[in-house]
Structure formats: C-alpha cells, structure tokens
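Biologist: Please take a close look at one part of this model, beginning with a single side chain and then following the pairings and packing around it. I would like the cut-offs spelled out as you go.

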Amino acid sequence: MIVKMNKKRMFLIPCIAGFVFVFVGYMADVSFATISGECSNCHTMHNSQGRSPMATYGDPSEPWTGEGPYSLLTRGDCLGCHGMGTGNRIETINGSDIPQVYHQDIVDLAGGNFAYITGVKGSGASDAKGHNVIDLGPGRLEGTILEDPPGGHGPNPNIFTCAGHGGCHGYRNDESGLASLKGAHHRNVDGKCDIADEVYNSYRFLKYIKGLENPIDDWENVNSTSHNEYYGETTPALSNFPNPCSSCHDMGNEELRPPSSTISGFCASCHGNFHAVSGIGGDSVSPFTRHPTDIVLKGTGEYAAYTNYNVIAPVGRTTVPDTPSDTVTPGTDVVTCLSCHGAHATDYPDLLRWDYTGMIAGGGGDDGNGCFVCHTTKDDS
C-alpha cells in the first residue's frame, strides 16, 4: 500500500501533458514542504481549453488513458504524475522533482516499483510481485487467485487502488483517489512525521502512520546513513476481542485505521492474521507460528551481530528520530513488515526484498543478504 510535490511517494501515476507541479524542497529548518506555483499547473476549472479536454494523458496506448474531468478539479487522477514509465526513478519537470513508482530506471525508490508487476521491468510480469492495484489498468486482476488479501481481509481485488476506499493512502473511508487526499498536498509536513493524526502530517500520506521521510536523498533508501526511518513498537497490536472489527475500524465515522501508528500495524489492517493475536499466538515470545513484526530484535545470540544498518533488511525505531542513523541496536530496535517486504512491488514473489529461494542455511554466506542480515549465523558453513 503508496513527492517533492508532496513528499509522499506511494500512489501510482503516468504522465500528463502539461501536468506540472512546483514544490518547495526540503530544508533542515523548514517543517512544511507544500505545493507552490500557478494553480493552473495542477487544476482546471472546466476541463476545457481550445475545444479540447485539459486532462489528456500523453500516451494513448496506456490502459489508464483518459480525458477527465477528475476529482478536485485536477488535470489528472492519481495516475497523473508518479508513473511516467520513463528510465528515471525521479523525473524533473520545470525544476520540480517528481518521484516515480512506475519506471524503468536500474535503481528503485524505497517503496519499490509497480513496473515489476506489468513486466516493464524485471524478470517477467506477475501479479504476485506486488500490490496489483487496479490503477495499473483494466483487466489487471482478471483471473487472479486472490479474493482477499493474504492472511486477512480487506478490499476486493476489483476495487484495490492507490488511495482512499480500497487503498492505502489518504482517508480510508468511502472516498477513493485524489478525493481521499484532499488538502494533503497543500499542507504537507515533510520529513519527520511524529504526530500523524491527519493525512498531511502522516508518513507518506498513510494516515496515522509515523516515520521519518529521508531528508538526505528524497524517497530513497541509499545506504546506512541515507534512508527512511520506520516506526515500530515492541509488542504487536492484538485484536480487540470480542469485537475484533474495532481494532481497525473507527465505528463512529467508518474510517479504516491501523491498530497502531506503526508501519506493521498499517499492514495488519488488511493482513491481520500475519501479525495480530491469531497469527503469532497472542504474545511476543517464541516459538512463533508466523514471522513476528513489531517485536524487538533480540540482543542476544545471532541477532546481536546486526549492528550496522542495512537497507536490505531495515529495522524500525520505537521513537521517530530526527535524522537517519547508521546504527542498529539489538534489544531496542524492532522488526517490521518492511524488514522483509517492499511496499509497492519488487522483482520477487510476495514483495520480498530478496530471492527467498537463494536463502540457504549452512551455505557459507557473508551475513550481508536477505534473511541472514538478522539471522547472522544460520548461513555459516
């Protein structure tokens, strides 16, 4: 589940002719990075100019081609800016950097790349490689084997989208698309998101989620000193019995919200059985029946050797830091869903960050890849 225009990268979008955003870049002493510039860069009052629609996508061969009009008087829907399909992971238009979640660059941004799903990039098309949102085009999910999210319940695959109802970003209520993000771009809190009570001040516009958006290399996890910081807790959120629905649903306004402000809690709002009480046995100690998240990385044994931050298997922090840290503290830092999985899509099944079939116990590796970043001794000969 999802920009320099908004510093939030995780919803998908191909290019629109003339769809230009002007943004304020990150500065260490500035906490807001909101859209600035001519309103007509993004909005059209009547979707009409010279007897032609203003909202016309540049490539009519793409499945998401349309002419509008679109919600919030914009010149494009969510598929208008972040999925241009070019060779650049960050596009620069009129001086504004626009992160791409659908592209053919060799390097991906921290959230991954939907192009692995369609086969535009990687080892071949597969819905299993990512969150196969309907925004990728009509028929994307035809023949899918999934009726619900693995390990839980959530939006029907036929309505799974980038934002709003059936999506990840914005207000997860009865609105979908840009309508669910209303006001967020113009009020965006950039960088440290430790309040997270509205869309605009939440991490990557994932409402209620805390975290630090990389202030050094926007939208990227580059190395141990330049990366996002994910928020986690030491104990996984458990279902509220006898009314488990109240764990994720605000019964007052019917808004879906995670059982905690952690990234793992967010994932659990759809994949609950993988992370909540029914998934790990109701406590936070082994033996586990499923790999736990929002749990402390042990400070003893093999785990104690993971002390230098590795973007292959990022950890979570129990408080949102001001800057990225290159240090991992076993016994304090936590395992999150993103320690193993990408957010949008990767080139591996189940959105994994690495090839799971290449994880060979006793294979004599170097503790620098995949499972063995944390399980540092299990690949020893």
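Modeller: C337 is buried, with a relative accessible area of 6%, where buried means under 20% relative accessible area, exposed means over 50% and partly exposed covers what is in between, with a 1.4 Å probe and protein chains only. The closest cysteine sulfur to that of C337 belongs to C267 and lies 3.9 Å away, which is too far for a bond, because a disulfide requires a pair of cysteine sulfur atoms within 2.5 Å. A search of the whole structure accordingly returns zero disulfides, and C162 is another buried cysteine, at 2% relative accessible area.

These values come from a predicted model, in which local features need pLDDT of at least 70 and side-chain atom pairs count only at pLDDT 80 or more, while totals for chains, interfaces and linings use all residues. Residues are numbered from 1 along each chain as its sequence is written, and side-chain values use heavy atoms, with hydrogens and water left out.

The packing can be described through nonpolar cores, each a set of buried Ala, Val, Leu, Ile, Met, Phe, Trp, Tyr and Cys residues joined through side-chain atoms within 4.5 Å. The largest of these cores holds 26 residues, and L206, Y230, L297 and Y306 are the ones with the most contacts inside it. Another core, of ten residues, lies apart from the largest one and includes V101, F114, A115 and A345.

Leaving aside residues up to four places away in sequence, Y230 touches A110, Y203, N221, I263, Y309, P314, V315, G316, R317, L338 and R353, contact meaning heavy atoms within 4.5 Å. Y230 is itself buried, at 4% relative accessible area, and Y203 is buried too, at 3%.

A pair of aromatic rings is described by the distance of the centres and the angle of the planes. Rings of Phe, Tyr and Trp (its six-membered ring) pair if their centres lie within 6.5 Å, with planes under 30 degrees apart counted as stacked, over 60 as edge-to-face and the rest as tilted. By this rule there is one aromatic pair, formed by Y203 and Y230, whose centres are 6.1 Å apart and whose planes make an angle of 80 degrees, which is edge-to-face. The pair links distant parts of the chain, 27 residues apart, with Y203 in the loop between β3 (192–193) and β4 (211–212) and Y230 in strand β5 (residues 229–231); helices (H or I, at least four residues) and strands (E, at least two) are DSSP runs numbered from the N terminus.

Side chains of opposite charge can pair when their charged atoms come close, and a salt bridge here is a side-chain nitrogen of Lys or Arg within 4 Å of a carboxyl oxygen of Asp or Glu. Nine of them are found in the whole structure. R317 and E229 form one, with their closest N and O atoms 2.8 Å apart, and this pair joins strand β9 (residues 316–317), which holds R317, to strand β5, which holds E229, across 88 residues.

In another salt bridge, K378 meets E302 with the closest N and O atoms 2.4 Å apart. Because K378 lies in the segment after β10 (334–335) and E302 in the loop between β8 (295–296) and β9, this pair ties together parts that are 76 residues apart in sequence. Here K378 is partly exposed at 42%, whereas E302 is buried at 12%. Salt bridges that share partners also join R89, D105 and E220 into one network, in which the side chains of D105 and R89 meet at 3.0 Å, N to O.

The charged end of R187 lies 3.9 Å from the ring centre of Y200, and R257 lies over the face of Y208 at 3.8 Å from the ring centre.

Methods
A charge sits over a ring if NZ of Lys or CZ of Arg is within 6 Å of the ring centre and within 35 degrees of the ring normal.
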